[in-house]
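Here is my note on the model you sent. Please read it beside the coordinates.

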Amino acid sequence: MRIRDVRARLIELPYPRPFVPSWAPEGAHRSMSAVIVEVETDEGVVGVSGGDMGHSTGPLLLETIRGWIRPRLVGMDLFATQHIANHLRYVAEYVFPRPWVVGVAVWDAVGKACGRPLHKLWGGHTDQIRAYASFGEVRDPEQRVEDALLVVSEGFTGLKLRVHADTVAEDIAQVAAVREAVGPDIAIMVDANQAAARWRYRPDGSRLMWDFDRALTTARELADLGVAWLEEPLPRHDYRALRELTARSPLPIAGGEHNRGIGQLVRLLEDDCFTIYQPDANESEDIAALRDFGAMAAARQRRVVPHAWATGLGVAGNLHLSASLPTCDWLEYPYDPPVIVPEVFHVMLTKPLLPDSTGFVTVPEGPGLGVELDHAVVEPLTVLRV
Ligand SMILES: [Mg+2]
């Protein structure tokens with residue numbers, strides 16, 4: 001079975017109100033910009049995948065697919081996945097750093113051609129996985145208490161808060177208020193979004209740059225609140241500081257969502273930079289190589305819990321990856337009502353990926369990713385295609 005075409009489109013998902021992600025120095029977002037890839041074979045099987053790109057980088061990925069990826073992949077054996085991954089690695093090094101969403105569409109087609117869901121092809125470690133509600137905005141403690149109680153009442157057993165305040169005391173006040181409201185049995189994750197230089201600025205141009213002492217102080221205070229992990233507390237290439245923080249922190253340190261390529265991930269692991277590694281199937285490396293990375297981490301008593309701040313189609317790839325990893329115990333589920341909700345993020349799927357009343361997401365049993373693109377919905381949302 002050979003690849004006949006690689007198509008991609010950019011869609012815009014309008015938000016019901018402006019949304020201010022904690023990591024965005026540009027301020028409020030009015031929509032989510034998402035790339036959808038389709039890999040068509042000469043036997044009629046079509047693999048789909050979704051990546052989520054900034055408004056400016058989405059068109060760059062489309063141009064990369066048109067000019068660099070399609071010409072190389074068309075005619076290739078669909079099952080030559082290592083060969084395809086190596087072509088994407090070349091593109092990642094020389095053209096555009098995150099072409100991996102194309103590889104996820106290739107694997108969706110492989111699963112469809114085999115008539116099996118991907119997580120089953122990959123060992124079927126689990127059929128369902130606990131989801132944590134991943135918030136995106138920094139809100140005041142009172143509002144976050146209300147939000148946390150809402151998601152817990154809906155069945156979530158874990159939630160992720162963002163901290164981006166001037167002082168440690170303000171950051172901790174938000175987490176402490178939520179801990180007191182939800183009680184000891186709900187997992188609370190905390191994301192500092194300090195890994196990228198750009199995220200360490202705010203819309204007014206001021207800098208919010210954690211140093212090692214702030215990260216360690218915060219980690220110690222969060223440990224007292226029974227927090228599950230502290231995510232991205234320091235720049236992603238500051239290997240020495242990350243290693244020291246992980247060694248001295250009383251709670252797990254997580255990160256790696258945009259440390260790209262297997263080489264960087266292995267470097268992080270060799271340096272023992274994190275307790276929990278968070279590569280993303282659409283953004284970090286070839287999805288199959290991330291499974292290998294999961295095994296490497298497990299052999300070192302380290303966990304891999306993929307990053308998945310993405311639309312429903314983007315979550316689908318990470319869901320299958322997560323369900324096949326030996327040490328993954330959580331699925332990141334973007335959920336920050338009233339903006340980041342399945343009615344917005346999963347609209348491109350004929351059936352949204354929803355957690356059940358106990359907070360678990362069941363891995364779809366259909367072949368490949370087990371999800372279907374709703375073409376009637378996607379068509380009018382499309383702003384660019386190649
Ligand atoms: Mg994060």
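1. Burial first. Buried means under 20% relative accessible area, exposed means over 50%, and partly exposed lies in between, with a 1.4 Å probe and protein chains only. By that rule E232 is buried, with a relative accessible area of 2%. E232 also has a positive phi of about 45°, although it is not a glycine. The residue sits in the loop between β7 (229–231) and α8 (239–248). Helices (H or I, at least four residues) and strands (E, at least two) are DSSP runs, numbered from the N terminus.

2. Ground rules. The model is predicted: local features need pLDDT of at least 70, side-chain atom pairs count only at pLDDT 80 or more, and totals for chains, interfaces and linings use all residues. Residues are numbered from 1 along each chain as its sequence is written, and side-chain values use heavy atoms, with hydrogens and water left out.

3. A second residue to check is Q301. Its phi is positive, about 60°, and Q301 is not a glycine. Is Q301 buried or exposed? Q301 is exposed, with a relative accessible area of 68%. Its place is the loop between α10 (287–298) and β10 (303–304).

4. The bond from P337 to P338 is cis, with omega near 5°. P338 belongs to the loop between β11 (331–334) and α12 (342–345).

5. Cysteines. How many disulfides does a search of the whole structure find? The search finds zero. The cut-off for a disulfide is a pair of cysteine sulfur atoms within 2.5 Å. C273 is buried, at a relative accessible area of 0%. C328 is buried too, at 9%.

6. Strand β1. Two strands pair if DSSP finds at least two bridges between them. Strand β1 (residues 3–19) runs antiparallel to strand β2 (residues 29–41), and twelve bridges join them. In this pairing F19 stands opposite H29 of β2. β1 also pairs with strand β13 (residues 382–385), again antiparallel, through three bridges. There, R9 has R385 as its bridge partner.

7. Strand β3. Seven bridges join β2 to β3, and the two run antiparallel. I36 stands opposite G50 in β3. The hairpin of β2 and β3 has four residues between the strands, and in it G44 takes a positive phi near 90°. Strand β3 (residues 46–52) has six of its seven residues buried, so it is largely enclosed by the rest of the structure.

8. Largest pocket. The search uses a 1 Å grid over the protein atoms alone: a cavity is a set of points where a 1.4 Å probe fits but cannot get out, a pocket is an open set with protein on both sides within 12 Å along at least five of seven lines, and lining residues have an atom within 4 Å of a point. Grid points are joined across faces, edges and corners, and a volume is the space filled by probe spheres set on the points. The largest pocket has a volume of about 880 Å³. Its lining has 36 residues, and W23, G54, R98, W199 and H258 are the closest to its centre.

9. Who builds that lining? β1, β2 and β5 (158–162) each supply at least two residues to the lining of the largest pocket. β2 gives the most, four residues. Domain 1 (3–116 + 372–385) and domain 2 (120–362) each give at least three residues to this lining. Those bounds come from an automatic or database domain assignment. By type, the lining divides into eleven nonpolar, twelve polar and 13 charged residues. Here Ala, Val, Leu, Ile, Met, Phe, Trp, Tyr, Cys and Pro count as nonpolar, Asp, Glu, Lys and Arg as charged, and the others, Gly among them, as polar.

10. Second largest pocket. About 200 Å³ of space lies in it. Its lining includes T350, K351, P352, P364 and E372. The lining divides into six nonpolar, three polar and two charged residues.

11. Cavity. The count comes to one cavity of 30 Å³ or more. The largest cavity has a volume of about 30 Å³. T81, I84, A85, G103, V106, W107 and D286 line it. Two or more of the lining residues come from each of α2 (81–94) and α3 (100–114). Four of the residues lining the largest cavity are nonpolar, two polar and one charged.
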